[in-house]
Amino acid sequence: MKILMVNKFLFPKGGAETYMFELGRQLEANGNEVQYFGMDNSERCVSNALGLYADEIDYGSASIFKKLISPLKTVYSKEAEKKLMAVIDDFKPDVVHLNNINFQLTPSVIYAAKKKNVPVVQTVHDVQIACPNHRMYIEEREQVCTECLKNGYKSCIKNRCVHASALQSAVAAAESIYYHKKNTYNLVDRYICPSAFIAEQIKKGGVEEKRIRVLHNYSNEFTVPDKTQEKEKYIVYFGRISIEKGLKLLFDAMAELPEVKLIIAGRGPLEEELKARELGNVEFAGFKSGDELYSLIAGAAASVYPSQWYENCPMSVIESIKAGTPVITSDIGGTKELIENGKNGFIFETDNKASLKAAIERIYNNIELNEEMKAYCLSHQVTDTLEEYTEKTEKIYRELIK
C-alpha cells in the first residue's frame, strides 16, 4: 500500500509527531511505501517525492500584523489544499492518514483528499473536534470546560479560551462553527481514537459513531532495567511540568507525606514555582530520556499522574506499566482506561488531596502489595506493541480501500 501521512509539523515536536514517525517507519518495515506532507521547516526530517510542502506558519512568533491578517488562512488554507492535491497526483496514495491539521494546514486537506477520491483516516490526538482550544481546559481558571458542547462554540469567545486572547479565541470559534455547519468532519472515513473517552467527545462533537475505532496507543519495546541494585525508595512523576498536570495538588499532598520521596523528571512552565516551595522530600531530576528514564521509572515504587484535565491515552502511563511500575492516576479522561484499580495501580478522585494521599500511602507503605502490583504490571500489558498496532492500522486501511 501507499500511505500519505499528513501532519502540520514534520519534525520531532511532540507526541503526535513521534507517533507519526514511528508508525510510518513500521509501515515501511511491513513493505508499504510512505510519504509525508505538512509545513516546511529547517528541521523537517521526512519528505515527499515532489518536495512540496505548505509554507511554515508560527503563530507564537508572528507579528501583530500577521496575526490580524491570517484568520482566513487559519480557517481554510487554499495553499495547503492545492499543494496536497499536487502531492496526491504525484504519489497516488491508497490512503491519506491525517494527524494534527487544524490552524496551520486546516481541514482544507480533508477536502483535498476527497476531491481526489482517496480514503481518509485520522488519528485523534486531542479533542479539537469538540473544543476550539483543543484542550477542554481553561488554564487561567485551572478547570476543565465542556461549555462549547453544551452552549455552542461561541462560548470560546466569551471565555477567551485560546491563550486568553479575544482575537485567537474568535478565530478558533469561527473555525469550529464553520466546519461543523458544513459537516466536514464526517468526510473523514475512519477516526482512530486512542481512548474511549476521546471517542465519546468527538461523537458529542458530531462525528458519526460508524466512523470511529478505538485503538489504544502502542507501547515501545525496551529492556526493563535490573532492579537488584536498588537502595532508595521513591515515587516518580515524568512528563511536562505544567498547570493542567495536577502537580500543585501533588505538592500539597507531598507536604503532608514527609516520609515519601518524589522524583520529578521533566521540564515546563510550572517548574520554578514548584521549586520555590522547597519541599525536602521532592527532587527535580531534569529532563530524562532513553535508558536513564526507563531506569528511573523501573526503580520507582509507583509513578503518579494527578492530571486535572482530560488526558487522552498517555504514553507515560503505558511506559510505566511496561516497566513494571504501578500507576497512581486521577479519575478523569482516558488515563483510567489503562488502570485496573488495585492491580496495576490506583485511581483517585480528581482534585481530592486526601484521596491522592491515601493512594500514595497504600502503595508506598505496603511492600507486599507493591511487589504484587509490579509483577501484575509486567505480566498484564495494557496495549499492543508497535508491530501489533501497525497491523491493526493496516487492516483499517484495507477495509477502506476495499
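Before I start, one convention: Ala, Val, Leu, Ile, Met, Phe, Trp, Tyr, Cys and Pro count as nonpolar, Asp, Glu, Lys and Arg as charged, and the others, Gly among them, as polar. We will need that for the cavities. The model on the screen is predicted.

I'll take the strands to begin with. On one side of the pairing list is strand β2, residues 33-37, which runs parallel to β1 and is joined to it by 5 bridges. Within that pair, valine 6 has phenylalanine 37 as its bridge partner. Helix α1, residues 15-29, belongs with these two strands: β1, α1 and β2 form a right-handed β-α-β unit. β1 also pairs with strand β3, residues 95-98, again parallel, through 4 bridges. There, leucine 4 is partnered by valine 96.

Now the cavities. How many of 30 Å³ or more turn up in the whole structure? The search finds 2.

Of its 13 lining residues, Cys131, Met136, Cys145, Glu147 and Cys148 are the closest to the centre. Two elements, β5 (137-138) and α6 (147-151), each give two or more residues to this lining; α6 gives the most, with 3. Here the lining divides into 10 nonpolar, 2 polar and 1 charged.

That's all I have.

How values were computed: Residues numbered from 1 in each chain as written. Predicted model: local features only at pLDDT ≥ 70, side-chain atom pairs only at ≥ 80, totals over all residues. Heavy atoms only, no water. Pairing = 2+ DSSP bridges. Right-handed = clockwise from strand over helix to strand, strands pointing away. 1 Å grid on protein atoms, 1.4 Å probe; cavity = no way out; pocket = protein on both sides within 12 Å on 5 of 7 lines; lining within 4 Å. Points joined across faces, edges and corners; volume = space filled by probe spheres on them.
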